[in-house]
Amino acid sequence: MVAALAPNPVTSAVPALIDVLRGGTAQATPLWLMRQAGRYPPENRAIREKSGGFMDMCLTPELAAEITLQPLRRFPLDAAILFSDILMVPHGLGQAVRFEDGHGPVLEAIETAAEVARLNSQGFLERLAPVMGAIRQVRRKLPAQAALLGFAGAPWTVASYMVEGGTSRDFEKAKSWAYGNPVSFAQLIDILVNVTSEYLLAQIDAGVDAVQIFDSWAGALAASQLTRWGLAPTTEIVRRIKERHPQVPVIVFPRGVGVNYETYAKDCGCDALSLDQSLPLDWAAATLQPRKVVQGNLDPLLLVQGGAAMRDEAERILTKFGKSRFVFNLGHGILQTTPPEHVTELCEIVHGWRGSS
């Protein structure tokens, strides 16, 4: 049974998630899930069957808003995250983007500096105006106790899609360009820093409470290249956001960077780091949590599994990170095969946990 959302009254209360992201302590650990507005619940699949495709759902404010709000009707989550995709940025730059069922994103690959120069940042925000329209619609209907999160991809991750023409196992084209001709590749990264900063600031102006920057493929970079192509561009975006909106929390997810999470904790300037499931909890609690709010990091497959395996790991994470400076989440996006009842159970575990801080 999917419950109706209560109306959003005028209130000055700060959602628990935002309070924690600013360094506070919540009565119960806040919880949201990456890709929580995904294909796993039946009400989401029903909308997809009636829509004109994935891009149509992302760029139709009424559809995007409805999909964003669906998880909060079914589960007691502490935040909604905007239903969209990191590839809205190349779409906004005029690059052809489509999504094929069973294959994923397909882009008209960029292969030369001349093609980079033809990217059109004029009118970028106008082309993405439907995203802001969806945010405003969600803002009007969102329960007062829930936060609204916006997001974008980090420049390296978005550039990898733009150059590879889609997903990749080895990122050969993108890495060869970055490593072999860093001057021209930096031109693409600089464009992405500029437009991604504009995009996230526009989301904040439209009504989101916090933003997350997804560097999903940061772990593909050689350690010697991570600062130049991963950390530095992301840090500059964070700086620009904080310059205009110092109170808006920024979460960064440099997936797969291992011990280099510590460098992000020292140098990035973000408020929180989202942790992938490969990180040892003891190390993350001792090394990262004193510097940043940490978010994570249940393996999404444990959420698919449910039962004792999920409960044991969730309680281990809660015990290690406590209630202070911690947001419960997954180590990556929720999987399509996840039973909705497992999400309900996870919410009960997290919100009902009463361990020591």
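Glu-243 is exposed, with a relative accessible area of 60%. In this predicted model, Glu-243 forms a salt bridge with Arg-239, at a distance of 3.5 Å from N to O. Arg-239 is partly exposed, its relative accessible area being 41%. Both residues belong to helix 12, which spans residues 223–244, and because they are four residues apart there, about one helical turn separates them. An α-helix has 3.6 residues a turn, so residues three or four places apart point the same way.

A second salt bridge links two separate helices. The side chains of Lys-320 and Asp-282 meet with 2.5 Å between N and O. Lys-320 is part of helix 16 (residues 307–321), whereas Asp-282 is part of helix 14 (residues 281–287), so this pair ties together parts that lie 38 residues apart in sequence. Lys-320 is partly exposed, with a relative accessible area of 36%, while Asp-282 is exposed at 52%.

In total, the structure holds 15 salt bridges.

Rolling a probe the size of a water molecule over the atoms shows where empty space is left. The largest pocket contains about 1300 Å³ of space. Its lining is made up of 39 residues, and those closest to the centre of the pocket are Arg-35, Phe-54, Ser-84, Asp-85 and Phe-99. Helix 3 (54–58), strand 2 (97–100) and strand 3 (104–107) are the elements that each give two or more residues to this lining. By class, the lining of the largest pocket comprises 18 nonpolar, 14 polar and seven charged residues.

The second largest pocket holds about 190 Å³ of space. Among the residues that line the second largest pocket are Leu-93, Gly-94, Gln-95 and Ala-96, together with Glu-108, Ala-109 and Ile-110. Glu-115, Arg-118, Leu-119 and Asn-120 also line this pocket. Here the lining divides into five nonpolar, three polar and three charged residues.

Leaving aside residues up to four places away in sequence, Phe-185 touches Trp-156, Ala-159, Val-163, Ala-174, Trp-177, Ala-178 and Trp-229.

Helix 9 comprises residues 155–164, and ten of its ten residues are buried, so this helix is largely enclosed by the rest of the structure. The buried residues of helix 9 include Trp-156, Ala-159 and Val-163, and Phe-185 touches each of these three residues. Also buried in helix 9 are Pro-155, Thr-157, Val-158, Ser-160, Tyr-161, Met-162 and Glu-164. Just after helix 9, Gly-165 adopts a positive phi of about 85 degrees.

Terms used: Residues are numbered from 1 along each chain as its sequence is written. This is a predicted model: local features need pLDDT of at least 70, side-chain atom pairs count only at pLDDT 80 or more; totals for chains, interfaces and linings use all residues. Side-chain values use heavy atoms; hydrogens and water are left out. A salt bridge is a side-chain nitrogen of Lys or Arg within 4 Å of a carboxyl oxygen of Asp or Glu. Buried means under 20% relative accessible area, exposed over 50%, partly exposed in between (1.4 Å probe, protein chains only). On a 1 Å grid over the protein atoms alone, a cavity is a set of points where a 1.4 Å probe fits but cannot get out, and a pocket is an open set with protein on both sides within 12 Å along at least five of seven lines; lining residues have an atom within 4 Å of a point. Grid points are joined across faces, edges and corners, and a volume is the space filled by probe spheres set on the points. Ala, Val, Leu, Ile, Met, Phe, Trp, Tyr, Cys and Pro count as nonpolar, Asp, Glu, Lys and Arg as charged, and the others, Gly among them, as polar. Contact means heavy atoms within 4.5 Å.
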